[in-house]
Amino acid sequence: MKLSQLVAKGHLDVLKYLHDELNYRFGFQRYCRPAIQYGKVEIMEWLHAIGCMNPYDAMHELCMDQKGKCRPFNFYLFAIKC
């Protein structure tokens, strides 16, 4: 099973295990999109807490405000729209 499918199905426990227990630290930014697309708020909050949902990740162009800044709450608004 792909990790993006784990995100889509809401398996935060598996992601936390990979991150905390196995020290898997690479590429969690790629899971921002499926977390947003499938409205997985707990996963979105966790990704934000570990620093993945920030203005420099791959999702920032989808979450810009009128002033050109990416703010975390915009991720949640985008998730609601999805």
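Predicted model: local features only at pLDDT ≥ 70, side-chain atom pairs only at ≥ 80, totals over all residues.

Visitor: Which element gives the largest share of the largest nonpolar core?
Guide: The largest nonpolar core has 14 residues, and Val7, Leu15, Phe28, Ala35, Ile43, Trp46 and Leu47 have the most contacts inside it. Two or more residues come from each of α2 (12-21), α3 (32-37) and α4 (41-49). The largest share, four residues, comes from α4.

Visitor: Which residues does Leu15 touch, not counting residues up to four places away in sequence?
Guide: Leu15 is one of the residues with the most contacts inside the largest nonpolar core. Leaving out residues up to four places away in sequence, the residues that Leu15 touches are Val7, Phe28, Ile43 and Trp46.

Visitor: Is Leu12 buried or exposed?
Guide: Leu12 is found in helix α2. A residue counts as buried under 20% relative accessible area. The relative accessibility of Leu12 is 11%, so Leu12 is buried.

Visitor: What separates the C-alpha atoms of Leu12 and Trp46?
Guide: Leu12 touches Glu42, Ile43 and Trp46, when residues up to four places away in sequence are not counted. Leu12 and Trp46 lie 34 residues apart along the chain, yet the separation of their C-alpha atoms is 8.3 Å.

Visitor: How are α2 and α4 oriented, roughly parallel or roughly antiparallel?
Guide: The axes of these two helices, α2 and α4, come within 10 Å and cross at roughly 20°. Angles under 35 degrees count as roughly parallel. Therefore α2 and α4 are roughly parallel.

Visitor: Is the crossing of α2 and α4 left-handed or right-handed, and which residues make the contact?
Guide: The crossing of α2 and α4 is right-handed. From α2, the contact is made by Leu12, Leu15, Lys16 and His19, and from α4 by Glu42, Ile43 and Trp46.

Visitor: Why do the buried residues of α4 lie on the same side?
Guide: The buried residues in α4 are Ile43, Met44, Trp46 and Leu47. An α-helix has 3.6 residues a turn, so residues three or four places apart point the same way.

Visitor: Which residue with positive phi follows α4?
Guide: After α4 comes a glycine whose phi is positive, near 90°. That residue is Gly51.

Terms used. Residues numbered from 1 in each chain as written. Heavy atoms only, no water. Core = buried A, V, L, I, M, F, W, Y, C linked by side-chain atoms within 4.5 Å. Buried < 20%, exposed > 50% of the residue type's maximum accessible area, 1.4 Å probe, protein only. Contact = heavy atoms within 4.5 Å. Axes fitted to C-alpha atoms, helices over the stretch in contact; angles between N-to-C directions. Parallel < 35°, antiparallel > 145°, perpendicular 65-115°, else oblique. Left-handed = near helix turned anticlockwise from the far one by under 90°.
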